[in-house]
Amino acid sequence: MKKGKLSETIRKFIMIVIGAAIAGYALEAVLIPNNVIDGGVTGISIMGAHLFSIPLGVLLFILNIPFVYIGYKQVGRTFALMSSVGIAALSIATVLLHDVETILGPSDPLLIVLSGGILLGVGIGIVLRNGGALDGTEVLAVLLSRKVPFSVGDIILFINAFIFLGASFIFGLESALYSALTYYIAKNVIDIIQVGLEKSKEVRVVSAKSEEIGDAIQARLGRGVTYTKGRGGFSNEPTEVLYCVINRMEENKLVSIIKDIDEGAFVVISDVSEVRGGNFKKRDIH
């Protein structure tokens, strides 16, 4: 058991280093030479390196130290360790790749934004999927969200708005707008890496014909279902709640199945960030 856990930890370390190297390449070979920056601490580090001629890797490491400490206190030792590995790997990657040949010139702004955003998103996504982080802004946002009436996403957006505003004074308004677009693309790629292309959805159905609906879902979709007992708040009558997990491609077919059996069924469909264990694998249907 311990050997298996050690090999899994080593695998995660390797993937975090690979992800950091990809992000470092995106920064040094695509974005920074064309005056396009990322958000968060990375963006601040890029502007600092430009203004004060300090190596980017040094600033990335130093500026992220307080956030790693916050992560250790608020999230735990494992997260802090994985993040330290990721940040150190990104810092080293930017130093080693500093003189790498730029693959795109300023005459290709759309390709710069697309390729830079995708590469950056892939790198960061790999790191996050393996339990680490490359930027301390998210840790700060989680901490602030507990003290102010704003979500983590709102706080990150607010912080990055100031960073891109600062970039407009240093690199120009056009570069700042390209930076914001690159950040948007990277964010969406990160979501795909973390969640996957087949985003899962959970479905709850309240119906007098829940068993009939469940049988149809299993027969026509090949998905397993679970029944739980419930009681109507107004009617005070016992009822059965059907629960199942599907991917987003199956949503329309599921709704059609339910509608065919009980048009008055109460249906709730919501996104699921991750599915593990159980018997989620789809059964073959004939």
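Let's start with S200: its bridge partner in strand β3 is N247. Strands here are DSSP runs of E, at least two residues long, and helices are runs of H or I, at least four long, both numbered from the N terminus. Please keep in mind that this is a predicted model, where local features need pLDDT of at least 70, side-chain atom pairs count only at pLDDT 80 or more, and totals for chains, interfaces and linings use all residues. Residues are numbered from 1 along each chain as its sequence is written, and side-chain values use heavy atoms, leaving out hydrogens and water.

Now, the sheet. β1 (residues 200–206) and β3 (residues 238–247) pair in the antiparallel sense over seven bridges; pairing takes at least two bridges found by DSSP. The whole open sheet has four strands, ordered β2-β3-β1-β4, with antiparallel pairing.

On to the cores. A nonpolar core joins buried Ala, Val, Leu, Ile, Met, Phe, Trp, Tyr and Cys residues through side-chain atoms within 4.5 Å, where buried means under 20% relative accessible area, with a 1.4 Å probe and protein chains only. The largest one has 36 residues, and L31, I37, L90, L120 and L134 have the most contacts inside it. Helix α1 gives the largest share of this core, eight residues. Apart from it lies another core of 15 residues, including A216 and C244.

Finally, helix α4 (residues 77–96): among its buried residues are F79, M82 and L90.

Note on methods: Buried means under 20% relative accessible area, exposed over 50%, partly exposed in between (1.4 Å probe, protein chains only).
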